[in-house]
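This report goes through selected parts of a structure. Please look at the sequence and the 3D view before reading on.

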Amino acid sequence: MKGSPTRSRLVGLTLLALVLFLPPILLLFDRPGSLGLSILPVYVFSAWLVIILLAAWVLERKDEN
Amino acid sequence: MRTEWVSLAVGFSYLGILFLIAAWGDKRSIQGRSIINSPLVYALSIAVYCTAWTFYGSVGRAAETGLSFLLVYLGPTLAMLLGWFMIRKMIRISRAQKITSIADFISARYGKSTRLGVLVTLIAVIGVMPYIALQLKAITISHALLTGYPLEPTQALATKAFLFDKSFWVAIVLAVFIILFGTRHLDASERHEGMVAAIAFESIVKLLAFLAAGIFVVFWLYQGPMDLFEQAASRTDLVGTLGLDAVPGGAVGWVGTLILSTLAFITLPRQFQVLVIENVDERHVKRAGWIFPLYLFAINIMVIPIALAGLLMGDGSPDDYVLTLPLAAGLDALPLFVFIGGLSAATGMVIVETIALSTMVSNHLVMPVLLRWKWLHLDPALNLSGWLLGIRRVAILLILLLGYLYHALIGESYTLVTTGLVSFAAASQFAPALLLGLYWRGGNAKGTAAGLVGGFIVWGYTLLLPGFALSGWLDSSLINQGPWGIAWLKPYALFGLEGWDIYAHALFWSLLVNIGLLVGVSLFSRQSNLEQTQAALFTEALRPDVMQTPLWLGQTTKGELYQLANRYLGKVATLKIFTQLGSTESPSAADDTPASPTLIAHTEKALTGALGSASARVLINSVVRGEALDIEAVLSILDTTSQALEYNKRLEQKSTELAQIGEELRGANVRLRELDKLKDEFVAMVSHELRTPLTSIRAFAEILRDSPEVSPEQKSHFLDVIVKESERLSRLIEEILDLARLESGRMRLDLKPVNLSELAKDSADAITQLYDDRQVALKLLLPAEEAWVKADPDRLQQVVINLLDNASKFTSPEDARVVMTISSKTNRWLLAVEDNGTGIVTEERDKVFEKFHQIQQHKDASGSRPKGSGLGLPISRGIITHHQGLLYAEAGQVLKGARFVIELPTIQP
């Protein structure tokens, strides 16, 4: 079980999610967009969707082990 | 259409449908054709996470505190990413140990401790109470809005005697429904497949209802999302709503809520129930790992538009926008659908939560007390399996009534989301015991108990107590000035930690105390043997060999076990235990044959499934005599298992290596035998070859000696033969010597630049006489330029002459012709000798280079004398190989006979 590629990939993905969802990356996107509203929601939702799609890709592919 | 009766009828019909789905699910489960055996259903059942709090509260939170509502869903996304090994581990442990709840799990992990079971149950009941209250509140308010809009809902809810309070009746209806729905089985240890099916259905309903409301807002009230956002942006007071500044506590609050929701997602009793206990197949965790986050994504995508639209409308409580927006537009059907969606979100949560809590209460609060009353043991006729269900039903009713009380007394002072987060923080107190317990063997029951109590007290002080103060139960000076005016004890700013949002603040202090006590006390106190065993079993759960060890070595009779099981589990379940182990005779109380350790272990597991691990152990101890549990043995097994595994692995490696070497040896042996055979054959051939000329020499010499009357012509003929045969003999010996030199690598070559064309001409000259004798025409096709190669000229000439000699022997009898050509190929010179004979078939082309091949062939064919010794070609090939060249046979190109080619590397002269 240890060192299986799926396991390592999931841990990596979790770390990526943490980086994307936490300051300071988060602070970069807390700025007004063209309408004057903050674009933070657009960023969080997009990052979230990317993480979900990556997770689907990692979890649905055949484990080489 | 929105009358009291219509809404009641719709609401009850919805509950009826749930009931039917649950009944269907249970029926299919009994038939063995489970409808919940799919990762999709599993993911939808986990979505019980989205309660009325999500359905109504997210919009409220988005309207008031911006994006912070999303954190409650990002956390579970993180948890599900790690679920494939973390949640799966919990599932595997729970299956092996028949765990029934999170209280059971923690109690079992720390040595099946009764005390921990009680503690976790109490914390869960107290901590989750606000959450249940919240659902009751949501149902009541949404119903009031549906029937009374545009009446102010608080008006409708104004303080009334409880008999006229709708929340009270909602609680009663739900209690009855859940009792009918969740505790119908006699065998209380089974999973609730019907419930899970109904919950999955509810998840679909609430998602559709929420999306419908969102689509209505965006595309009906406004002309698409851009229109909505433009209008929101034009309002100066709304511009800041979506930024990080709106989030309470800013960046710290953001991180705190994210951690809080990640932990609570696993430790909330109902989440543990659907994630771990109700899981059918651990492989489902994999796909649910992305389907569930996708569900969360979908149910949140419309939150911000609805919140903005609500703010633009500017009417009513933000918690109600989902319902008030369609109501204000004067619609009839949509509000009803939204109400059903909210109802499904609330009922789903209440159903699973109360079932999980009632199991905990009956197994960890009530049963331990009952088991300590001696009279229960003394009356064997009393069947307790019925009691279990009774206890659970009463527990469900009490939990809902407590929820109602909380709602009636303090519920008004909090918004929906605030209440939910209070419960989250309480549930998070289980996280250290649960997660550390999965990976760290050192934690023990004392440390865990200390950590839980400490964390719970801090939680109560920093979140629950100030809540009471806010609702007016306590003096609000507690919050502003601290108790007795001590400023550093202010509940929202403990030890002067100011400026944090209250949840991050409470989470930090409570987890600090919790983990600190757990680790600290564990490090300075001892584990009992049973604790060590359980710790090892839990932390090593993903290792396949761990769970199978039967633990019981004590003695008891089958009859006693039968009585015990029968009393607590009922007849059907007991029969199942005994027949599972292949016993053919029907068990009876009078059976006094000794029970096997496996049977004792099975009975304990079955009892654990119904009563929790701590109680089951007490019961088994009451009938098993002798040292019941040989923990030392088990421990040593577990500790040595990893070593043994390591040894095993190495042994396996060694044995594969050995097998490989053996295989190689066998191959080498076969080759050696072949070589040996070849050597014998070779010696036989050589002797034969040498004997033939010797015999004729001897024969003719004898004739000459014994017959003086032989004529001089005959004499000279005989002498000719003797000379020829001697020459043949010496040539043969020379060849054999060459061969020996070649094979042993002792052949010395005098390498120098040689012009191949020159050499070819010389060879042709040398053999002219022979060709003339045999009447063979030789033709040379040589290139204009000089063909320089590095070679020993004598040896190379020997090879060419040998080839020419051979060719002349195999030409066509009439019109015998041989062609020798020299041509160049990338960095190589090719000398080819070709005859116009019959050629050599493809599969024979390599065999002609074997020693004595020709002889064998001829022997096979006609038995006539061979035309050569059969050593020429092998020697030639050996010589050419020593020149770093190639000698091979191929199909003729010019004369269509046999063609032999020498390839040698080109050099500069």
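B:Ala889 stands opposite B:Phe900 in β7(B). Strand β7 (residues 898-905) runs antiparallel to β6(B), and six bridges join the two. Strands pair if DSSP finds at least two bridges between them; strands (E, at least two residues) and helices (H or I, at least four) are DSSP runs, numbered from the N terminus.

The open sheet has five strands in the order β2-β4-β5-β7-β6 (chain B), with mixed pairing. β2 (777-781) and β6 (886-891) of chain B are at the edges with a single partner strand each, so one side of each has no neighbour in the sheet.

**About the model**

This is a predicted model: local features need pLDDT of at least 70 and side-chain atom pairs count only at pLDDT 80 or more, while totals for chains, interfaces and linings use all residues. Residues are numbered from 1 along each chain as its sequence is written, and chains are lettered from A and ligands numbered from 1 in the order in which they are written.

**A covered helix**

In helix α2 (residues 39-46) of chain B, seven of the eight residues are buried, that is, 20 or more other C-beta atoms, placed from the backbone, lie within 10 Å of their own. Among them are B:Tyr42 and B:Leu44.

**Where the chains meet**

26 residues of chain A are in contact with 29 residues of chain B; contact means that C-beta atoms, placed from the backbone, lie within 7 Å. On the chain A side, α3(A) gives the most, with 10 residues.

Key: Contact = placed C-beta atoms within 7 Å. Buried ≥ 20, exposed ≤ 12 C-beta atoms within 10 Å, placed from the backbone.
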